[in-house]
Amino acid sequence: MKKLILLCLVAVNAFAQNLPVEIQIKLTHKEAKGKVYLEQLNDRGFAEKKDSVEIKAEPFLFKTQIEEPGIYQLNIGNEQLIGLLLDGGEKINVVADGIVDDDKAAKAVIDGSPTMKVFQELQSDHIVFTNKVREIDTKFKSTSNESSRQKLRDQYLNLLKEHNQNILDKVKSLGTSSAGILAANNFLDASVSGEYQAELAEKLMAEKNNSKLAMVFVQQVNKSRMGVPGVPAPDFALKDLNGKEVRLSDLRGKTVILDFWATWCGPCIMSFPGMKKAMEKFKDREDVAFVYINTFERVPAENTNSYVDNFVKRRGFEFLQTVMDVGNQVAFLYGVESIPTKFFIDKEGKFLHVSRGFAGSDEAVVEEISQWLAQ
């Protein structure tokens, strides 16, 4: 019988900032009226209004602030949408129709942002590449000859490799900007340029870029390699609730179980009695270490330690020996998208196994722990 798996999906949180942006707007259509809205696109593609300014007949300046770098759009009177990639500090000029006529699409010209200019060039390159792929795909579907199909497969792989090589320098030139993150995610194929994507993720982590766009990218890149058997587990150093540092590399020579959890996560709490039983079962094994990593808490960073400490004492969870991932950096380093997530790491510091969710019973939790500690 298939066992029940319960988990909590993690929402990405970003710390609000006040980053200035200036947009000079000229609308060519005299009928444009109402307001221009600055909207941010969230990780599900929905637009959230952040600020607005009244439309004027003459060119006008929209001085605003953004809370974080990311994907935005100008919504002109609920008529025309213009995409923007913003990091803060931009001074952009926008000339747009402002009205969508029945017989033609509304036009817009954006200048003043070097990163957006390069991103637009990459978009054009990608359209050319996509059209070539479509031609190959049409030919592939029209033939049943295996020899011809293999030639088309090879043609596609060569085209993919050539395309990634041709655009890689442009993508790299965008660095860790919002345009650079989106370009690396949208225009590079991981099978060819995965090394650069991993490099970019490491840079974003080093810069402590906690924008939603950056964190989702880091999460996606790291998820593809974290937990794969034989891959070295990234080192980290976190402090427990008493301020003592716990470093993964200091546990080399032990089999380590990392358990990512949060106080609001029901499946995490449901798994703790089983985890306690597993710890009691293996308490005499000096070559085993359990590390409980609290992450993705929904309280201000400055209150997180006291909040979790009170929760642990109130619920009788002192056995967790919790370390604090305030800011979620280790969770994103490990590509954690849902909790509870457990990583089993061997005595050489390499991944053995990854487990996500609550297995459904205390016995199932103990059984899984026992299985991997027997390796």
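**The cavity and its surroundings**

Mentor: The structure holds 1 cavity of 30 Å³ or more. Keep in mind that this is a predicted model. The largest cavity contains about 40 Å³ of space.

Start with the lining. Leu204, Met205, Lys208, Asn209, Met215, Val218, Gln329 and Phe332 line the largest cavity. By class, that lining divides into 5 nonpolar, 2 polar and 1 charged. Three helices each supply at least two residues of it: H4 (190-206), H5 and H8 (329-333).

Now take Lys208, one of the lining residues. Lysine 208 sits in the loop between H4 and H5. Its backbone deserves a check: phi of lysine 208 is near 55 degrees, a positive value in a residue other than glycine.

Helix H5 covers residues 212-223, and it packs with helix H3, residues 178-187. The angle between H3 and H5 is about 30 degrees, and their axes lie 10 Å apart. Angles under 35 degrees count as roughly parallel. That angle therefore makes H3 roughly parallel to H5. The crossing of H3 past H5 is left-handed.

Which residues make that contact of H3 and H5? From H3 come Ser178, Ile181, Leu182, Ala184 and Asn185. From H5 come Leu213, Ala214, Phe217 and Gln220. The residues of this contact of H3 with H5 divide into 6 nonpolar, 3 polar and no charged.

The largest pocket has a volume of about 640 Å³. Its lining has 28 residues; Asp240, Phe290, Leu320, Gln321 and Thr322 lie nearest the centre of the pocket. Strand E11 (245-247), strand E13 (288-294), helix H7 (301-315) and strand E14 (322-324) are the elements that give two or more residues to this lining. E13 gives the most, with 4 residues. By class, the pocket lining has 13 nonpolar, 3 polar and 12 charged residues.

A cis peptide bond joins isoleucine 339 and proline 340, with omega about 0 degrees. Proline 340 is placed in the loop between strand E15 (338-339) and strand E16 (341-345).

Methods:
Residues numbered from 1 in each chain as written. Predicted model: local features only at pLDDT ≥ 70, side-chain atom pairs only at ≥ 80, totals over all residues. Heavy atoms only, no water. Axes fitted to C-alpha atoms, helices over the stretch in contact; angles between N-to-C directions. Parallel < 35°, antiparallel > 145°, perpendicular 65-115°, else oblique. Left-handed = near helix turned anticlockwise from the far one by under 90°. Contact = heavy atoms within 4.5 Å. Nonpolar A, V, L, I, M, F, W, Y, C, P; charged D, E, K, R; others polar. 1 Å grid on protein atoms, 1.4 Å probe; cavity = no way out; pocket = protein on both sides within 12 Å on 5 of 7 lines; lining within 4 Å. Points joined across faces, edges and corners; volume = space filled by probe spheres on them.
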